[in-house]
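Reader: Hello! Could you take me on a close look at the pockets of this protein, and at what lines them?

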Amino acid sequence: MSTLTVPETIPSVPEDCEQLRKAFEGWGTNEGLVISILGHRNAAQRKLIRQTYAETYGEDLLKALNKELTNDFERVVVLWTLDPAERDALLANEATKRWTSSNQVLVEIACTRSSHDLLLVRQAYHARYKKSLEEDVAYHTTGDFCKLLVPLVSSYRYEGDEVNMTLAKSEAKILHEKISEKAYNHEDIIRILATRSKAQINATLNHYKNEFGNDINKDLKTDPKDEFLAILRATVKCLNRPEKYFEKILRLAINKRGTDEGALTRVIATRAE
């Protein structure tokens, strides 16, 4: 098995583009060379490589990669090469077009990104698909899922660390009341999860556990087969403990009989940086 050598000093962007062009020449693509370049450049560097490649060779690097690579390897390289906001926009569009009630990709994007990053995703979505993300989510989802997902993808949360403890206590009580009543789709639950800052939500959930004895996600597991409850639990985890959420996604992807390449590729490509 050959080993990949990574240069101690990063070549110039034109040199990277020239090497990528060489990787595509002849019979078969030099996948090792593609990895040694794109796999060892950060998002800003990859963006410059794409721009310079297009200017030098008159072809979008993404189109070249689509043409030269195949299957799961093509998927991960293309996702990795995309600008982060473009990547999330692409994944969000795929999620809306192939929407199922067990699909949690929209929750991942809406709840793990900063407000600024989510705004960039919405802008990239608009530029790429000539529609708004909110419009597509509203069109392709239904019922309680639509009621939750549209405000999540539309949100612009306060990003600071300031927390209102009085509000945290009152909203923990509201959450507990509605969950006890099994009113899981209540507007107050959705309002709190879709609008409060992550610091505020963290304080609210801590108070919920201290006051009522259970982690909120335990109380949301009353019916393990209820897919709306699964989406609510994913929302809470992505807002509060994203690292725990993605650890589980990776573990399930790898431990299946046959790896879930889609989930594995998505998590690695979107979280590596």
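Author: Happy to. The largest pocket holds about 1,000 Å³ of space. Here a pocket is an open set of points on a 1 Å grid over the protein atoms alone, where a 1.4 Å probe fits, with protein on both sides within 12 Å along at least five of seven lines; points are joined across faces, edges and corners, and the volume is the space filled by probe spheres set on them. Lining residues have an atom within 4 Å of a point. The largest pocket has 41 of them, and Gln 104, Ala 230, Ala 234, Tyr 245 and Ile 249 are the closest to its centre.

This is a predicted model, in which local features need pLDDT of at least 70 and side-chain atom pairs count only at pLDDT 80 or more, while totals for chains, interfaces and linings use all residues. Residues are numbered from 1 along each chain as its sequence is written, and side-chain values use heavy atoms, with hydrogens and water left out.

Helices are DSSP runs (H or I, at least four residues), numbered from the N terminus. Those giving at least two residues each to the lining of the largest pocket include helix 13 (198-212), helix 15 (227-240) and helix 16 (242-255). Helix 15 has the largest share, eight residues. By class, this lining has 13 nonpolar, nine polar and 19 charged residues (Ala, Val, Leu, Ile, Met, Phe, Trp, Tyr, Cys and Pro are nonpolar; Asp, Glu, Lys and Arg charged; the others, Gly among them, polar).

The second largest pocket has a volume of about 250 Å³. Helix 6 gives the most to its lining, four residues.
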